[in-house]
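Let's walk through this model together, with the sequence and the 3D view open beside the text.

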Amino acid sequence: MKRNEIIVAVIMIVAGLIAPWVLPSVWTTIVSIFCYYAILTIGWNIIFGYTGLFSYGHVAFPAIGGYTSALLAEHIGLPPLLGLLAGGLAAGLMGVLIGLLILRVRGFYLCLVTWAFAEVVNVVIKAEHEITGGTGGFLAPSYVSGPNAELVGYFIGLGLMTLAFVVSAILYHSRWGLYLFAVRDDIDAAESMGVKTRFWKVFGFTAGCAWAGVAGAFYAHYFNLVDPSIGGLDEMGKVCLIVIIGGLGTVYGPILGSFFVVIVAELLRGWMGGYSLLIFATIMILAVRFVRGGFMEIIQVVSPHLKNKYLALIGK
Amino acid sequence: MKKSALFTVLFFVLSVLFLPGGAMAADTIKLGLVTPMSTGDFRSGKINVQTVELAVEELNAKGGILGKKVEVVTADDEGKPAAGVIAIKRMIASEKVSAVVGLWHSSVAVAQAKVAIQSQVPIMLHYSWTDDLTAGHSDYVYRVGPFNAEIAQLALPYMKKNFKNIAIMYETNAFGTGFAKYLEKIAKAAGLTVYSIGYPQEATDLKPQLLQLKAKSPKPELLVIAAVYEATNLIPKQSYEIGLSPEMQILCSWDWPTYPAFQEILGDKGVGVTYATFESDKLKLSPLGEKFKKAYKAKYKMDPPVFALFLYDEVMILAETMERIKSSDPKDVAAGLKDTKFQGTTGLITFERKEEPGPIWNQWTGHQLFINKLTAVEGKEYKREEIYP
Amino acid sequence: MLLELIIRGITIGLVYALMGVGLALLNGVMRIINFAHGEFYMIGGYMAYYSMAVAGLPFYLAVPSAIAITFILGAVVEKLLLSPIHTQEIEKPMDYALIMTFALLLFFRQLAIKIFGPFRHKPPDYIPFDVHILGVKITGNEMLAGIVSLLLVLGLALFIKKSWRGRGWRATTLSRKGAKINGVDIGKESWISCGVACALAGAAGALVAPIFTLSPTIGGSPLVKSYEVMAIGGLGSIAGALVAGLMLGVTETLGAFYISSAYKDAIGFLMMAFFLLFRPQGLFGQK
Amino acid sequence: MLNIENLNVFYDGLQALYSLTLEIQEEEFVCILGPNGAGKSTLLQTIAGMLVPGQGTITFKNRPIHGLAAHKVASLGLALVPEEGWLFGQMSVQENLLMGAYPKTARSTIKRQMDFVFDLFPILEERKKQQEETLSGGERQMLAVGRGLMSNPEMLMLDEPSLGLAPLVVKDILSALVRINQEEKTTIVLTEQNIFHALKISQRGYLLENGKIAMQGDSKVLLGNEHIKKNYLGI
């Protein structure tokens, strides 16, 4: 992990700790949504950005994690904090299964298989409405009861998001990360150099899915609700959007993208009205067409100029 | 490059931190209105907004509540549970409202109620039918409107009189499932044959389910549809297309056949469809009800639907309660609502509580149900006839 | 009942096939998958609706005009947004196309919500009487949709098989370089074939508009079905798409009736996943 | 007929051809020789428009064609028979041949060209309805040559047509090339590793080494050249 990333993580924690006392309390909700998307997309970034597997079924895993945790809480009274772990585990296990299955396929076959999986999960959730509550969703308990539930949930989200960020940053700079990149960039070359590509594919996929499961469980207990819409096509669109405009395969991408799609969208709520998704879809089209590196690339292009200006300003 | 990214993140974090804080407590009483406004059943949502605005105008004309001006804060729940939860959280946490009204779709309301209970802010439900809402016996949930078990009870005599075999198709959410389960139970107890089939609310091809009904023996004579979303119009249409109707009569569990989309989609095949409603010329309005109806018609150029009456009652009950207990604190209001005795638009409203587990808890139960039939097409509208009671 | 189910399965299967061939064509010529395919179905439906309800055209003009509009739209989308795939050197053209067409899906859907409104609409019935086939009653709309879908699929198959342009498309599918040195202008054929593929989706949407009615989000289900059809039939195979469409339609209808209507949509996905994993060349494709 | 001047071509970031200049006259049979990786395929593909030259000019019948897209080059009467064939696997032999006549300018002479191809390679007529995938290696190469002929080209470029084929089949194909050159008056450019055969049947030859022309001249002269004898013919 690089020094800058440590600083960013520290800033996120500090800012997050201060925020509830200086911001209107509605912001805890919004930042919690931000945390959910950040964790979820950090997962997808590991799968697609690091490992190069275009999983189109990523949103099935928060659904798996969320329902697992909510159902366990309901039936065996599992505390939500352990539910986070259970959700991550359940999604991770499913990730291993699907990861092994998709070793057989490449390119957009992989995309279609994962998509099929997500839709089947969705169909099962809706069909087994006696267990899952159908389209209306399933209620999940808060982390703690009482008026502080909101704040506790917020801090848990903040902690998980920072943890996910730190883990993904460590992975990025580690030897394991190199193996993942090798699988992504040239799988045949990686194979010939002795990288166990099959293992690393499943590893990357599983790691991403487990984080998605944690995100789902966090969501369920924070909003006290998990419903099939978190596994829908629109959500997958949001995941793509966040990572693409943030910067695919970069450490900061998911955080920047989530910031953009959740927080900036909230700030511009009055201005954008009901058009925010339309505007974001347009941005995504333009980003894919013209700046394929996303927001991170823009920063890279613009920042030397800014830096020079800044240096000139302070007289250096 | 790393450094620049760092700066950017820092910039964003700081920009959030220095956002202007929310408006500090003012000398107004805030009333929250959370209802579908963009998607879901937003047409009803619009009526909800109009009704509350009208009621609050009236209150302010009379000098407000406790001498303070009343302010309505509205939020869109998009007819979706997740968005609904966020909307009500926003309402309670940042707007500090005294109470929330206008909740609409049952499955959304169930999730929203949880938030309200946790935050100890009272909510009042005027047309969310699921039993679960009041079955939790919370001190913060009040309902003036009807509920599934009550509606099933009220409709059962009609079914028993005319049919032997009935089928129920329901959305697999809190509203549909709750209604179907209860109706199935009491209809079976009353000696009817019941087939029930659930389907996800966004389904548009319901022929497989209808074909299953077609193959049943004895054939269902009546199909009860418990749905809110698209399928409300699609089931009757597809039932005709596969030749199941008109032999099998259709009873919609609420009055969506009066909506324009129903006519556009069914055309003259809609003739013969029946629906349950709380709307009727026979419905007796109190003087307050007549007054509201006149004011609504004058302002919005249409008759208020029946749920607008309930919602209007709720706003007035809240005002009356706050005046009575001399407080607008959500906790006090919730406690004060218990003792409501309010001469509402359709009758005297009191909140009943029945100790054994069940939906009657802070619940008004004085509703009347009517069943109408579409008898002919007249231009862009159907002619309707009341067939029950 | 079995007969009724099979006839209904075939009717819907033909529409699935029509959706699937468009995708198969696009995949063949341009080597991309188009996630916005269902949105052209939605747009086609609305265009037919507005042609009839607003412009007052009869259905036999409304459906072709929907087809024409979706053709133009598809061609423009290819020219503006997808052409970098074959004009520029893009590192991962498949990923580019996946993300781009997915962004288009979101874009068209959101735009449709804003333009067409969230109300359900239905154009007037194309054929306002019922027909009986082997004693099974189906609506005139369903019959029309089935027959026209079949004709369009067969027409496309014939075009691909016999015409110069069609042969060029097929050649492009089999060997891009071979097609180039034999004089196929891939840039031009890409926008034409993209237009045709989108027009086929538009045709499907226009044909079933009076059956399933219209809303801005109806594109999802046909998108899913067209992928199932394409994966089962074999990528780029027109004949495969036709057979797979029929197979999917009939299996789904039977499965929904005899197994579980709640799991109807899972049937196609499981079939798709099975084929992708264990027989990726599909029913007819060769390795 | 074909003039190449000062041609530099880069492939995958590496320079493959260095300031290459050559000229081919009408009705000539020219072979371009050289070891593997000398740049023979690159040269032919650049002429055919599949690769864009970094510098230099290519003129065909006094018309500059460098940088012209492949499909446009194809309609000028310049056909390439590529090394890997680039045939259409799931099309029949007949359809593969028809694709050879895809440019609009070539469609009027289909019948004649098809007869000529079947006359050259009778086996293709027998397999007319078979899919390309089912053919043997030799038949495939014949089909590739046949497809190149279908557009009735003025110049036919062949990239190592004998590669990996049995000696008897090689003989058939090379003698077909001679027939094409003599009967149809088609200019032929042939690249070969099999230098002996190539020099035997061609009129003129170029020797490419490391992307540069190392030697050029009359085929008979080249056949007697010491450098060629020593390095390529193993004598």
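This is a predicted model: local features need pLDDT of at least 70, side-chain atom pairs count only at pLDDT 80 or more; totals for chains, interfaces and linings use all residues.

## Cysteines

A:Cys111 has 0% relative accessibility and counts as buried, where buried means under 20% relative accessible area, exposed over 50%, and partly exposed in between (1.4 Å probe, protein chains only). D:Cys31 is also buried, at 0% relative accessibility.

Residues are numbered from 1 along each chain as its sequence is written, chains are lettered from A and ligands numbered from 1 in the order in which they are written, and side-chain values use heavy atoms, with hydrogens and water left out.

## Where chain A meets chain C

The contact between these chains takes 37 residues from chain A and 42 residues from chain C, with contact meaning heavy atoms within 4.5 Å. The size of an interface is often given as the accessible area lost when the parts come together. For chain A and chain C, the buried area is about 3,800 Å², and carbon and sulfur atoms give 80% of it; this area is what two parts lose in accessible area (1.4 Å probe) on being put together, summed over both. A:Phe108, A:Ile285 and A:Arg289 supply 17% of the area that chain A buries against chain C, more than any other three residues.

The rule finds one salt bridge across this interface, taking a salt bridge as a side-chain nitrogen of Lys or Arg within 4 Å of a carboxyl oxygen of Asp or Glu. The side chains of C:Arg109 and A:Asp234 form it, at 3.3 Å from N to O. Four residue pairs are in polar contact across the interface of chain A and chain C (both at pLDDT 80 or more). A polar contact is a pair of N or O atoms within 3.5 Å; within protein, one must be able to donate a hydrogen and the other to accept it, and residues adjacent in sequence count only if both atoms are side-chain atoms.

## The chain A side, and chains that stay apart

On the side of chain A that touches chain C, helix H5 (107-127), helix H11 (233-246) and helix H14 (276-290) each supply at least two residues. Helices (H or I, at least four residues) and strands (E, at least two) are DSSP runs, numbered from the N terminus. H5(A) gives the largest share of this side, twelve residues. By type, the side divides into 27 nonpolar, three polar and seven charged residues. Here Ala, Val, Leu, Ile, Met, Phe, Trp, Tyr, Cys and Pro count as nonpolar, Asp, Glu, Lys and Arg as charged, and the others, Gly among them, as polar.

Chain D does not touch chain A, and their nearest C-alpha atoms are 16 Å apart. Chain B and chain D do not touch either, with 27 Å between their nearest C-alpha atoms.

## A buried stretch in chain C

Which residues are buried in helix H7 (residues 164-174) of chain C? They are C:Gly166, C:Arg167, C:Gly168, C:Trp169, C:Arg170, C:Ala171 and C:Thr172. Their cover includes helix H1 (2-30), helix H6 (140-162), helix H8 (176-181) and helix H9 (186-212) of chain C, together with helix H3 (93-100) of chain D.

## Charged pairs

The count comes to 37 salt bridges over all chains. In one of them, B:Lys188 pairs with B:Glu184, with the closest N and O atoms 2.9 Å apart. Both residues lie in helix H7 of chain B, four residues apart, about one turn of the helix. B:Glu184 is buried at 17% relative accessible area, whereas B:Lys188 is partly exposed at 45%. B:Glu184 also touches B:Ile168, B:Val194 and B:Ser196, not counting residues up to four places away in sequence.

B:Glu386 forms a salt bridge with B:Lys282, at 3.1 Å between the closest N and O atoms. This pair links distant parts of the chain, 104 residues apart: B:Glu386 is in strand E16 (residues 381-388) of chain B, and B:Lys282 is in the loop between strand E10 (274-277) and helix H11 (287-300). B:Lys282 is exposed at 51%, while B:Glu386 is partly exposed at 27%. Finally, a network of salt bridges links B:Lys207, B:Lys214, B:Lys237, B:Glu241, C:Glu4, C:Arg8 and C:Glu142.
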